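Dear colleague,

Please find the structure below, handed over for your use.

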Amino acid sequence: MDIADVVKRAYAMPLTNPSFPPGPYRFFDREYIIITYRTTREALEAVVPKPLEIDEPLVKYEFIRMPDSTGFGDYTETGQVIPVRFGGQHGGYVHSMYLDDDAPIAGGRELWGFPKKLASPKIVHEGEVVVGTLHYGSVLCATGTMGYKHREADHDSVLASLAAPNFLIKIIPHVDGSPRICELVRYYLTEVTLKEAWTAPAALDLRPHVMADVAKLPVLEVVSAVHFTADLTLGLGEVVHDYLADRSTASATQPEKARA
């Protein structure tokens, strides 16, 4: 394989047998349970990176069932998204994600910088309740329960939340272990078709685990919950802040300060 072919095929690893195809990535009948809860500002300040800013001390705990997605297949995911501001723009910082499928773990980390880890989340319907759980190995780390379709949710509000930008920290280390890429990435969900949306009372229990630290953002009060299904496209990202550029600028000016 010559050098030009290597470069042409180098969109993912392994070079000759990548875990996922090129995008775009379309999702059908994506089912969400999103439980918004209040936590401590101190806990958020410990994990939200600047230049992102915290509004209220809120977290959105998400359980997402994805039965049909192009390139990534059939899987379930769960994690925490923190409402933030970037400049004057309101959006969500994706703090943690746990899922049960290799392709979206590899693709999410390599392309966007999603903080994905392998685990065992589930969404099940049990009579009058929708239940979301996260197991990391044998340990139960999260349980969310929500009443089944009590009241129709406002579709405009749900669509507005899906249209808001999301932010990630993309990290790719150098071969010596130092950071080679460290960027704040923004992405959007596009071509959204909201099929149904419901609200109901909900409860959320998060438990400590050394490798699944969802409980480090403790639940003080459940604020709201929404359960909906939608078709959508996961848009590719754009870099909005380069953390290493800041470091490079500081290093470049250091000799001038020393000479002065």
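A pocket here is an open set of points on a 1 Å grid over the protein atoms alone, with protein on both sides within 12 Å along at least five of seven lines, and its lining residues have an atom within 4 Å of a point. The model is predicted, so local features need pLDDT of at least 70 and side-chain atom pairs count only at pLDDT 80 or more, whereas totals for chains, interfaces and linings use all residues. Residues are numbered from 1 along each chain as its sequence is written, and side-chain values use heavy atoms, with hydrogens and water left out.

The second largest pocket has 24 lining residues, and those nearest its centre are R109, G113, F114, P115 and K116. Its space amounts to about 620 Å³, a volume being the space filled by probe spheres set on the points, which are joined across faces, edges and corners. The strand β5 gives the largest share of this lining, six residues; helices (H or I, at least four residues) and strands (E, at least two) are DSSP runs numbered from the N terminus. By class, this lining holds 15 nonpolar, three polar and six charged residues. Ala, Val, Leu, Ile, Met, Phe, Trp, Tyr, Cys and Pro count as nonpolar, Asp, Glu, Lys and Arg as charged, and the others, Gly among them, as polar.

S161 belongs to helix α4. Because its relative accessibility is 38%, S161 counts as partly exposed, a class between buried (under 20% relative accessible area) and exposed (over 50%), with a 1.4 Å probe and protein chains only.

Most residues other than glycine have a negative phi, and most peptide bonds are trans. Cis peptide bonds join G23 to P24, with omega about 10°, and K50 to P51, also with omega about 10°. P24 sits in the loop between α1 and β1. D29, in strand β1, has a positive phi of about 55° although it is not a glycine.

Yours sincerely

Key
On a 1 Å grid over the protein atoms alone, a cavity is a set of points where a 1.4 Å probe fits but cannot get out, and a pocket is an open set with protein on both sides within 12 Å along at least five of seven lines; lining residues have an atom within 4 Å of a point.
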